[in-house]
Amino acid sequence: MSDEQFEEFLKREAQAYNPPPSAVPHEEMWETIRASRAAHAAGEARAVTGRPAAGAPRVGGAMPSRTDKPTLKYASLIGMAATLVLGIGIGRYALQRDAAVTQLASQIESAISGQQQPSSPFPDKMPDGPIGVAGATAASLVNSLPSGARGMRVPTRVAAVRTGEVAAGEPNAAMQIVSRNHLSRAEALVSVVAASPADAAMDSLTGRWARDMLTNTRLLLDSPAGEDPVRRRLLEDLETVLVQLLQRTGGAVDERALIDRTLERTQLLSRLRSGAAGI
Amino acid sequence: MTDAQLIAEVLRGDPRAERQLYDAHVDRIYRLAWRMAGDETLARDFTQDTFIRAFDKLGDFRGDSSLSTWLHSIATSVILNGLKKVQRIHGREIGGDELPEVMIPVRDAEPDLKLRLRRAIEGLPDGYRTVFVMHDVEGFTHEEIGAALGIQVGTSKAQLSRARAKLRDQLSDFAGEWAS
């Protein structure tokens, strides 16, 4: 039984899962919402003035006011603490985001400058184990490619981009270089995964490699490179496989089978090869 | 009236605008709550709580997403937190040992495929079940699910893929009946 048949069966039969009634109790719910909001508003007014708000409707006491709780006096302290925690969280997120953007920017810069080879898509030291061996093999294969294929240099564009002579639409050329480079690296990673034994667990280095790849994939999806519908579809399928890969627990064979099925259904590897080659 | 105009009217305190906002979105939120909870009282509570919170926080809405997406993000949060509370209470009442029963396939005892499918869906982890119900049952797109749940589109797709795989495993002994 194919995946498609099963998905059709699911979509058909799952309609019977907790079927909601055709009639929605609009009025009853609306009355409750209105009463609750009125009670809340009355509570807030009482907290400020010490007495009920003049115009506030009386609502039978079903909803205890939040302001009656003794924790109110700590509310400002809790609020400040929450703001502080939120601020730290946003700061950390921004730093991580900046780091990812910086990494992508450096890829663009190195591709555009054409003076230095792009950094290897692989960690300096490949991890031990089956995936590590497969990774080293893939690394050597990629490194043996012509520099044009690996670095995706486009000399005629490079000079124009470097000297600022590009027209308004031409930054897309730089994006194409970056995305091809990215797809080439993704192809290497997916090849490593596909070639590894089904029960091989992903080691930390490969995991980091996949996480970096996922970050860059998402950045590309949000960039002009993601505006091309064919490339977007390819990046989205790549993103799905990367997420499946990163969510896999240890060497779980069934989860690996799921990844293999996605690879087969989406024909990801061959599409990555075509995309990396600019076809 | 656009979302922005409607919100402005609600923030000015226009009761008709409040009702208009409610009418425009209540059906879809109620349906989702029903699908997730499978219980009328809970579906009502979750829907009401969603709108109460939404009206409270409407002033914070910045328009980064559509109003519908924003409302559904509140709804999914209310529903999932509410269901967790219910499960905790239910677990205390009946004892935790009984909970895993829904995960065990019993071919002879449960010959009905639909019942088995229902049980298999119930047995999915919360995250998988939410994405599955939203996508395969209620027809949300991955973009809508991602925005509502605060996850990436790829994560939503991966969760759905895993949910389907788990359901397929759970129903493997019915394989011949899927296509019928």
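**Figure 1. Helix 2 and helix 6 of chain B form a right-handed crossing.** The view is taken from a predicted model. The two helix axes, that of helix 2 of chain B and that of helix 6 (residues 126-137) of chain B, come within 10 Å and cross at roughly 125 degrees. Helix 2 of chain B and helix 6 of chain B are therefore oblique to each other. On the helix 2 side of chain B, the contact is made by B:Leu32, B:Arg35 and B:Met36. Helix 6 of chain B contributes B:Thr130, B:Val133, B:Met134 and B:Val137. By type, the residues of this contact between helix 2 and helix 6 of chain B are five nonpolar, one polar and one charged.

**Figure 2. The largest nonpolar core has 47 residues.** Within this core, B:Ala33, B:Ala37, B:Ile79, B:Ile121 and B:Phe132 touch the most other members. Helix 2 (residues 15-37) of chain B supplies the largest share of the core, 10 residues.

**Figure 3. Contacts of B:Ile79 are shown, leaving out residues up to four places away in sequence.** The residues that B:Ile79 touches are B:Ala33, B:Met36, B:Ala37 and B:Phe46. Of these partners, B:Met36 also takes part in the contact of helix 2 of chain B with helix 6 of chain B. B:Ala33 and B:Ala37, like B:Ile79, are among the core residues that touch the most other members.

**Figure 4. Chain A and chain B meet in a contact that takes 32 residues from chain A and 35 residues from chain B.** On the side of chain A that touches chain B, at least two residues each come from helix 1 (3-13), helix 2 (26-49), helix 9 (229-247) and helix 10 (253-266) of chain A. That side of chain A comprises 15 nonpolar, 10 polar and seven charged residues.

**Figure 5. A:Arg248 sits in the loop between helix 9 and helix 10 of chain A.** Is A:Arg248 buried or exposed? A:Arg248 has 20 C-beta neighbours inside 10 Å and so counts as buried, the cut-off for a buried residue being 20 or more. Apart from neighbours within four places in sequence, A:Arg248 is in contact with A:Met202, A:Glu255 and A:Arg256. The C-alpha atom of A:Arg248 is separated by 8.6 Å from that of A:Ala201, and the two residues are 47 residues apart along the chain.

Technical notes. Residues numbered from 1 in each chain as written. Chains lettered and ligands numbered in written order. Predicted model: local features only at pLDDT ≥ 70, side-chain atom pairs only at ≥ 80, totals over all residues. Contact = placed C-beta atoms within 7 Å. Helix = DSSP H or I, 4+ residues; strand = E, 2+ residues; numbered from the N terminus. Nonpolar A, V, L, I, M, F, W, Y, C, P; charged D, E, K, R; others polar. Core = buried A, V, L, I, M, F, W, Y, C linked by C-beta atoms within 7 Å. Buried ≥ 20, exposed ≤ 12 C-beta atoms within 10 Å, placed from the backbone. Axes fitted to C-alpha atoms, helices over the stretch in contact; angles between N-to-C directions. Parallel < 35°, antiparallel > 145°, perpendicular 65-115°, else oblique. Left-handed = near helix turned anticlockwise from the far one by under 90°.
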